[in-house]
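Here is my note on the model you asked about. Please read it with the structure open.

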Amino acid sequence: MVLFKPIFPSLLIAFMLALLIACLCFPPKSCLAAPMSPEPGRTMREVRRADASGDQMAAPDNSRYHRPSGKGARPVPRLKFRVAIDIGHSRTTPGALSARNRPEYEFNRKMALTLLRELSRTARIEAFIVNPEGEDITLHQRSGLANSAHPDLFISIHHDSVKPDYLGEWTHRGVAAQLCDKFWGFSIFISQRNAGKKASRSFAQRLGAEMLKAGFIPSTAHLDMAEVEGHQPVDAHSGLYRYDGLIVLKDSHSPAVLIECGTIKNRAEEKFLRNPAYRRRMARAIRSAVEHFAVGYSRN
Ligand SMILES: [Zn+2]
């Protein structure tokens, strides 16, 4: 017992040192693997950083494939259906003015963010905003940005005006403004020059049906615009039109639609479109169409 006491601490220290060296030289596999990420192509650290900076709107990655971390792990086709949400126009070129002189971009942005939140509720769908800062980029750049993230579906969000012939004058809060209370409602556009034109049409029809089911009314303002090249009714009862020359639709590598969510020149509809509950109801209708479309969609 007298001899054992001084030897025991030395043995313990030697054992600890040996264990430390073994760990440094041959780490267990669990130490090498990255923590499980809730988003394809992103590590937990990237997800946490994005969440902290409020950057949930950016595209999750630029690949059709999920590349798991870990030595020897092979890329696998991503599992989630990816939706690009395009906020029509930009901060400096904001599109039409509402009956109360509010810029269309403001309506588009709020609706796009509401849709982003709604789509994020569905586990197998991931969505991103194409130009989240509203920078003044060209339409071709807008399409390029979306295509670089390889979405499965492209949805451009807009709000409608009417032809100049239908506009009237009034004064809102002492400022002159233009209005048109004659037309009300949504319209959906597709392009026959889109690479996935059949799928675009299929989604657009579903979208029109879901909008009707949710109680929204298609606008008739575009019915007399067939003289514009490629701008023709496909199914006016569900608000669906062809507009082949729309750049963001024809340049999109994925199926694509543009939705005019409502007519902001209509004074009553403008008020509805500014109501968050109304926007959520519309976003749920769009989400429902996306969910149905995603089930039958196979990626090329
Ligand atoms: Zn617009």
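The points below go from confidence to sheet, core and loop.

1. **Basis.** This is a predicted model: local features need pLDDT of at least 70, side-chain atom pairs count only at pLDDT 80 or more, and totals for chains, interfaces and linings use all residues. Residues are numbered from 1 along each chain as its sequence is written.

2. **Confidence.** The mean pLDDT (the predictor's confidence in each residue, from 0 to 100) of the protein chain is 82. Of its residues, 72% reach 70 or more.

3. **Sheet.** An open, mixed sheet holds 7 strands, in the order E4-E3-E5-E11-E8-E10-E9. E4 (125–129) and E9 (231–235) are the edge strands, each pairing on one side only. From one strand to the next, the twist averages 30°. Strands (E, at least two residues) and helices (H or I, at least four) are DSSP runs, numbered from the N terminus. Pairing requires at least two DSSP bridges between two strands.

4. **E3 and E5.** Strand E3 (residues 81–87) runs parallel to strand E5 (residues 153–160), with 5 bridges. In one of them, aspartate 86 has serine 156 of E5 as its partner. Helix H4 (residues 104–120) packs on the sheet and touches E3, E4, E5 and E11 (256–263). The directions of H4 and E5 make about 140°. Such angles run from 0 to 180 degrees between N-to-C directions, with axes fitted to C-alpha atoms, for helices over the stretch in contact.

5. **Core.** The largest nonpolar core has 57 residues. It is a set of buried Ala, Val, Leu, Ile, Met, Phe, Trp, Tyr and Cys residues joined through C-beta atoms within 7 Å. Among the members touching the most others are Val83, Ile85 and Phe189. Helix H9 (residues 276–296) gives the largest share, 7 residues. Leaving aside neighbours within four places in sequence, isoleucine 85 contacts residues including Leu115, Phe128 and Ile157.

6. **Loop.** Which phi values deserve a look in the loop between E3 and H4? Histidine 89 has a positive phi, near 75°. Asparagine 101, in this loop too, has phi near 65°. Most residues other than glycine have a negative phi. Histidine 89 is buried because 23 other C-beta atoms lie within 10 Å; the cut-off is 20 or more. Asparagine 101 has 12, so it is exposed; that class takes 12 or fewer, and partly exposed lies in between.

Notes
Two residues are in contact if their C-beta atoms, placed from the backbone, lie within 7 Å.
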